[in-house]
Amino acid sequence: MKREELITSLKKIVKPYIQNEEAFECLTEETDFINDLKINSANLVDVILDVEDEFDIEIDNESMEKMLSVKAALDIIETKLSEF
Amino acid sequence: MIGNDIIDLTLAETESDWQRRGFLEKQFTSEEQVIIFETKNSFEIVWRIWSMKEAAYKIYTQQNEERFFAPNKFECELTSEDEGIVRFQNQIFYTSSILDGSYVFTLACLDKSTKAYSSIGPSYGIDQRIKMKLEEETGLPTSEIEQKKSKYGAPNYFYKNKPLTKSCSISHHGNYGVFSIQLT
């Protein structure tokens, strides 16, 4: 899957949890889930669980720790997908 | 140093499904999950423990200027109806929580004897409420009191560059906003 396709899928996943529409509209790899999209920290786990379901991957604790931005999420998804 | 967290339980009920597969496993230790399942009010205990983790994490990030998402590494123990302990790496955080049925509030500190003032109110106007409290404490006018944030988002209050707070923590969720301050 291409990086752009991954971003599109990830945008769909985070959409229900965002609280800053403007930051969501101009989302880039540098976008931070909490600081920019204002996702509640208690919903971060939902993003992670939705990513696991969508891509049929398992995000281990070590990867989860880093999942605070679009870029980190994309890197983790790419790594996990390439492990198959 | 202090850190706080508040959860609007009405909002938490609709915003998160704590019974979702993976929700507890990813964020709570197996000991915490036992506590959650053995109690009658699992929903409230989930959010009490969550707020303890979050409040302790806020202290840790202020100290270490580092961000990450590892709630399961903040191991919580409930020592009484409202008090608890959070362990992370070699550190211990002492917590005290208020559960009133509509919200859960937790204040964490590094030292049990820390004196802090907390005020729970609506989610808006927190900055002004802090300034009014500081005016009451110091006699300085609110217009001269200024908030500055560290790189990692931790706020503190100043009067002409002189710090008025040693530590300050602000949280909001749903209808609630809370601040905790430790005066200099």
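Analyst: The side chains of A:E65 and B:K73 meet in a salt bridge, with N and O 2.3 Å apart. A salt bridge here is a side-chain nitrogen of Lys or Arg within 4 Å of a carboxyl oxygen of Asp or Glu. A:E65 lies in helix α4 of chain A and B:K73 in the loop between α4 and β2 (75–78) of chain B, so the pair joins two chains. Helices (H or I, at least four residues) and strands (E, at least two) are DSSP runs, numbered from the N terminus. B:K73 is partly exposed, at 40% relative accessibility. Buried means under 20% relative accessible area, exposed means over 50%, and partly exposed lies in between (1.4 Å probe, protein chains only).

A word on the basis: this is a predicted model, in which local features need pLDDT of at least 70 and side-chain atom pairs count only at pLDDT 80 or more, while totals for chains, interfaces and linings use all residues. Residues are numbered from 1 along each chain as its sequence is written, chains are lettered from A and ligands numbered from 1 in the order in which they are written, and side-chain values use heavy atoms, with hydrogens and water left out.

Back to the two chains. Six salt bridges are counted between chain A and chain B. One of them pairs B:R67 with A:D32, and the closest N and O atoms are 2.8 Å apart. In terms of contact (heavy atoms within 4.5 Å), 22 residues of chain A touch 19 residues of chain B. The chains bury about 1700 Å² between them, and 48% of that is on carbon and sulfur atoms. Buried area is the accessible area (1.4 Å probe) that two parts lose on being put together, summed over both. A:L49, A:M64 and A:E65 supply 31% of the area that chain A buries against chain B, more than any other three residues.

A:L49 also turns up beside B:F23. Leaving aside neighbours within four places in sequence, B:F23 is in contact with residues of both chains, including A:A42, A:V45, A:L49, B:W18 and B:W47. B:F23 belongs to the largest nonpolar core, which has 59 residues. Such a core is a set of buried Ala, Val, Leu, Ile, Met, Phe, Trp, Tyr and Cys residues joined through side-chain atoms within 4.5 Å. A:F33, A:L37, A:V51, B:F23, B:W47 and B:F74 touch the most other members. Helix α4 (residues 42–64) of chain B gives the largest share of this core, 11 residues. A second, separate core has 10 residues, among them B:I126, B:L134, B:I145 and B:I181.

Now the salt bridges again. Over all chains, the count comes to 17. A:R3 and A:D75 form one of 2.9 Å, N to O. A:R3 lies in helix α1 (residues 3–14) of chain A and A:D75 in helix α5 (residues 70–82) of chain A, so the pair ties together parts that are 72 residues apart in sequence. A:R3 counts as buried at 19% relative accessibility. A:D75 is partly exposed, at 28%.

A:D75 has another partner. A salt bridge of 3.1 Å, N to O, links the side chains of A:D75 and A:K71. Both residues lie in helix α5 of chain A, four residues apart, about one turn of the helix. A:K71 is partly exposed, at 35% relative accessibility. Salt bridges that share partners join A:R3, A:E29, A:K71, A:D75 and A:E78 into one network.

Finally, look further along chain B. Strands β6, β11 and β10 form an open, antiparallel sheet in that order. Two strands pair if DSSP finds at least two bridges between them. β6 (117–122) and β10 (165–173) of chain B stand at the edges, each with a single partner strand, so one side of each is left without a neighbour in the sheet. Eight bridges join β10(B) to β11(B), residues 176–183. Within that pairing, B:S167 stands opposite B:Q182. B:Y176 also sits in strand β11 of chain B. The C-alpha atoms of B:Y176 and B:Y124 are 8.1 Å apart, although 52 residues separate them along the chain.
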